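Colleague: Walk me through the labels on this one, please. I'd like to hear what each of them rests on.

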Amino acid sequence: MQSLLTWLLQSIQTHGPLSVFVGVIIESVIIPLPSPLIIMGAGALLIAPGLSWPSAVWAVLRLIVLPGSAASTLGALIGYGIGYWGGKPLIQRSSRYLGFGWPDVQAMASRLSHGGGWLIVGLRALPVVPLSLISVGGGMLRWNLRAFLGWTWLGSVPRCLILGMLGWATRDAYDALAHRLDRIESLITGALVAAGFVVILWLRHPPK
């Protein structure tokens with residue numbers, strides 16, 4: 001994994017925005033890859049250290065946010081497809097163990113349909129929220145694909161901007177900060193999975 005990261009960062013330094021696009025696509029497919037590292041590395045490697053803050057923001061928007069948000073949106077299709085095609089059969093086969101069935105999932109999707117778009121934007125914008133879970137969840141709930149991709153892109157823009165600016169501002173220390181953010185993301189992933197099990201247990205054994 002370390003050799004892949006080294007290659008990606010070297011490629012970003014050599015090829016710029018094109019490698020940012022490729023790197024984010026790879027990061028979307030390979031879950032163990034620290035998700036903040038590619039964008040933060042691009043901020044440290046592509047944005048000149050002596051720029052003013054407005055100039056740095058403009059450079060990050062051009063060189064990092066544009067390719068990074070596009071790649072993040074395309075990468076979300078993978079998780080969405082897994083949730084869309086695999087979610088319903090899995091729930092139908094496991095409904096007796098889960099304590100709920102596919103109609104319950106459809107009812108949840110209906111309740112979330114009104115504010116679900118802004119929920120996607122908010123979660124996508126936070127650098128410590130696991131993106132793969134959002135994509136799989138969106139596919140499992142079978143949100144409209146076009147709307148899902150639009151909300152995903154809208155949330156990816158501030159995420160890429162924040163991480164790109166953090167990489168530029170921290171420079172030599174960006175690697176340690178990126179891994180720290182990745183550890184927080186892993187903890188949040190574990191918490192969300194644990195919360196899911198708690199909900200399943202509650203549905204199986206509701207309070208009397």
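Modeller: Let's start with leucine 126, which is in the loop between α6 (116-125) and α7. The model is predicted, so local features need pLDDT of at least 70 and side-chain atom pairs count only at pLDDT 80 or more, while totals for chains, interfaces and linings use all residues. Residues are numbered from 1 along each chain as its sequence is written, and side-chain values use heavy atoms, with hydrogens and water left out.

Colleague: Why is leucine 126 called partly exposed?

Modeller: Its relative accessible area is 42%. Buried means under 20%, exposed means over 50%, and partly exposed is in between (1.4 Å probe, protein chains only).

Colleague: What makes serine 156 count as buried?

Modeller: Serine 156, in helix α8, has 1% relative accessibility, so it counts as buried. Its C-alpha is 6.7 Å from that of serine 72, 84 residues away along the chain. Valine 60 in helix α4 is at 0%, so it is buried too. The C-alpha atoms of valine 60 and isoleucine 47 are separated by 7.0 Å, at 13 residues apart along the chain.

Colleague: Where is serine 11, and why does serine 11 count as buried?

Modeller: Serine 11 is in helix α1 (residues 2-15). At 13% relative accessibility, serine 11 gets the buried label. Glycine 23 is 12 residues from it in sequence and 8.9 Å away in space, C-alpha to C-alpha.

Colleague: How do you know that the buried residues of α7 line one face of the helix?

Modeller: The buried residues of helix α7 (residues 131-140) are Leu131, Ile134, Ser135, Gly138 and Gly139. Seen down the axis, they fall within an arc of 130°, so they line one face. The arc is that of the directions from the helix axis to the C-beta atoms.

Colleague: What follows α7?

Modeller: Arginine 142, with a positive phi near 60°. This residue is not a glycine, and most residues other than glycine have a negative phi. Arginine 142 is in the loop between α7 and α8 (145-170). At 32% relative accessibility, it counts as partly exposed.

Colleague: Which ring does arginine 142 lie over?

Modeller: Tyrosine 84, at 4.2 Å from the ring centre. The rule wants NZ of Lys or CZ of Arg within 6 Å of the ring centre and within 35 degrees of the ring normal.

Colleague: Now the aromatics: how many aromatic pairs are there?

Modeller: The count is 5. Rings of Phe, Tyr and Trp (its six-membered ring) pair if their centres lie within 6.5 Å; planes under 30 degrees apart are stacked, over 60 edge-to-face, the rest tilted.

Colleague: Why is the pair of tyrosine 80 and tyrosine 84 called stacked?

Modeller: The ring centres are 6.0 Å apart and the planes are at 20°, so the pair is stacked. Tyrosine 80 and tyrosine 84 are 4 residues apart in helix α4, about one helical turn. Tyrosine 80 is buried at 6%, whereas tyrosine 84 is partly exposed at 26%.

Colleague: What about tyrosine 84 and tryptophan 85?

Modeller: That pair is edge-to-face, at 5.0 Å centre to centre and 75° between the planes. Tryptophan 85 has a relative accessible area of 65%, so it is exposed. Ring pairs link Tyr80, Tyr84, Trp85 and Phe148 into a cluster.

Colleague: Last one: which residues form the nonpolar patch on the surface?

Modeller: Val29, Ile78 and Ile82, with about 270 Å² of accessible area together. Those areas are Shrake-Rupley values with a 1.4 Å probe, and for residues only the protein chains shown count as cover. Patch members need over 30% relative accessible area and no salt bridge, with nonpolar side chains (Val, Leu, Ile, Met, Phe, Trp, Tyr) joined within 5 Å and like charges within 9 Å. A salt bridge is a side-chain nitrogen of Lys or Arg within 4 Å of a carboxyl oxygen of Asp or Glu. Isoleucine 78, in helix α4 (residues 53-98), is partly exposed at 39%.

Technical notes:
Helices (H or I, at least four residues) and strands (E, at least two) are DSSP runs, numbered from the N terminus.
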